[in-house]
Amino acid sequence: MAALFKIALERIIQASQLIKVDGSILERLQIPLETTEVRLTIRMDEGSIRSFWAWRCRYDNTRGPTKGGIRFHNQVNGDEVQALAVMMTAKCAAMDLPFGGAKGGVKVDPRSLSNRELERLARGYMQIFVRGIGPDRDIPAPDVGTSEMTMAWMSDEYNAIVGKVVPAAITGKPVALGGSLGRDDATARGGYYLLQHKAAALGLSCGAKVAIQGFGNAGQHMAKLLAADGYKVVAVSDSKGAIHDPAGLDITKVLQAKKDYGHVTSIAGSDGVSEIPADELVSIDCDLLVLAALENMVHEGNAGSIKAKIILELANGPITPEADEILNRKKRVIIPDILANAGGVTVSYFEWVQNRRAERWDLEEVHARLKTTMEREADAVWAHARDKEITLRSAAYVHALLRLSEALRARGTAKFKR
Ligand code: NAD
């Protein structure tokens, strides 16, 4: 399997061949603006010290300060961080947010650390990268393995180092520290608004059967929103396993089981719920498959078994290019990550705006603005797909590239004819 960064770049290059795009933008996008790889050392609770690999990649700032989450996961590496950063560049452009793309990460299993060790790790991360971070330069946010608590520690450390309170330097903070209402479920809600808006075009209706891979922030909120709207969530999975009930799972009970015992399979055996191997989830009989776990979960080996007609990528990069080809041949509709999960960064943008204006928007306002943004950009992506007879993924990248090249042209730094 090709490295993730190579795959991400390849998708941009392929999209560039479908439109007339200035070569300068491609030339810029081949290499990140800056990637920093460091050792992050903290003191553990029992007194020893431990070192971790840590990264921050600011990929491109053509359209504004760089923006991207920080991931704490034991599989994080520099290749993944750069891939996710270039995808963020495309995502912010596709959504018309005034940001470039970035990403950060620490190679650590956060579950193996105590809360006090996690706090030291979060503060240590900020101490190392603080010079590159700021509301007009680079704005971090949470991602897999980090939370609003992590952002609160980082924001607090940032403020202590720079000697003033700068809430707009970090998004995804607790509401009490200037976080936006509606940030917690924004990723899922953005995907949900998109599905609602395009339901007729996608052939989805109330009662449609859904399987959700990954039951963390994105997956849990999606399950709640879809179940409340009359969809039948028949299967969900997490890293420990999957559960299935063809009659539809009781999502309230699954959420409680996940909260109490840490994994969804703890509810298996009751009320017609059966446990199935986690990797069987994608081949469950359903209309909509929501991918909300990690990268490369759908690959050459399992893409052919997918029965769902519609696949929503709430995770970043969950489908490999080989699997993409198989699914495209089978006429499956894939709603691509840079559009489907952009609700998260969109509400992060709302948080940044509120912090800079010293305002607080109520939840209705956040939801209304998110809905408008998702619908506007989904319509634009669908129009490119229709006009150019290309997949939604290619259309989303075309949409992003057109915006990036327009910004480059406007700066007057593109190549001149004479
Ligand atoms: P999370 O850590 O809260 O949840 C990830 C979930 O995936 C967990 O339930 C985990 O158990 C599950 N998982 C891991 N391996 C699995 C496997 N093999 N099979 C099934 N499930 C597995 O993370 P999250 O914030 O929900 O993010 C999930 C994805 O969505 C990531 O790709 C992330 O980059 C993307 N995303 C998240 C946000 C956000 O705001 N949270 C925004 C944009 C994109």
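Strand β10 (residues 288-291) is covered on both faces. Leu288 and Val290 lie on one side, Leu289 and Leu291 on the other, and all are buried (under 20% relative accessible area, with exposed over 50% and partly exposed in between; 1.4 Å probe, protein chains only). Strands here are DSSP runs of E with at least two residues, helices are runs of H or I with at least four, and both are numbered from the N terminus. The model is predicted: local features need pLDDT of at least 70, side-chain atom pairs count only at pLDDT 80 or more, and totals for chains, interfaces and linings use all residues. Residues are numbered from 1 along each chain as its sequence is written, and side-chain values use heavy atoms, with hydrogens and water left out.

Two strands pair if DSSP finds at least two bridges between them. Strand β6 (residues 209-213) runs parallel to β10 over 4 bridges. Ala211 has Leu289 of β10 as its bridge partner. Strand β11 (residues 310-313) also pairs with β10 in the parallel sense, over 4 bridges. Here Leu288 is bridged to Ile310 of β11.

A cavity is a set of points on a 1 Å grid over the protein atoms alone where a 1.4 Å probe fits but cannot get out; a pocket is an open set with protein on both sides within 12 Å along at least five of seven lines; lining residues have an atom within 4 Å of a point. Grid points are joined across faces, edges and corners, and a volume is the space filled by probe spheres set on the points. The count is 2 cavities of 30 Å³ or more.

The largest cavity has a volume of about 60 Å³. Its lining includes Leu4, Ile7, Met87 and Asn296. Helix α1 (residues 4-16) supplies the largest share, 4 residues. The lining divides into 6 nonpolar, 3 polar and 1 charged (nonpolar: Ala, Val, Leu, Ile, Met, Phe, Trp, Tyr, Cys and Pro; charged: Asp, Glu, Lys and Arg; polar: the others, Gly among them).

The second largest cavity holds about 40 Å³. Among its lining residues are Ile12, Val86 and Tyr397. α13 (392-410) gives the most, with 4 residues. The lining has 8 nonpolar, 1 polar and no charged residues.

The second largest pocket has a volume of about 370 Å³. Of its 16 lining residues, Glu10, Arg11, Gln14, Pro321 and Asp324 are closest to the centre. α1 gives the most to this lining, with 6 residues. By class, the pocket lining has 5 nonpolar, 4 polar and 7 charged residues.
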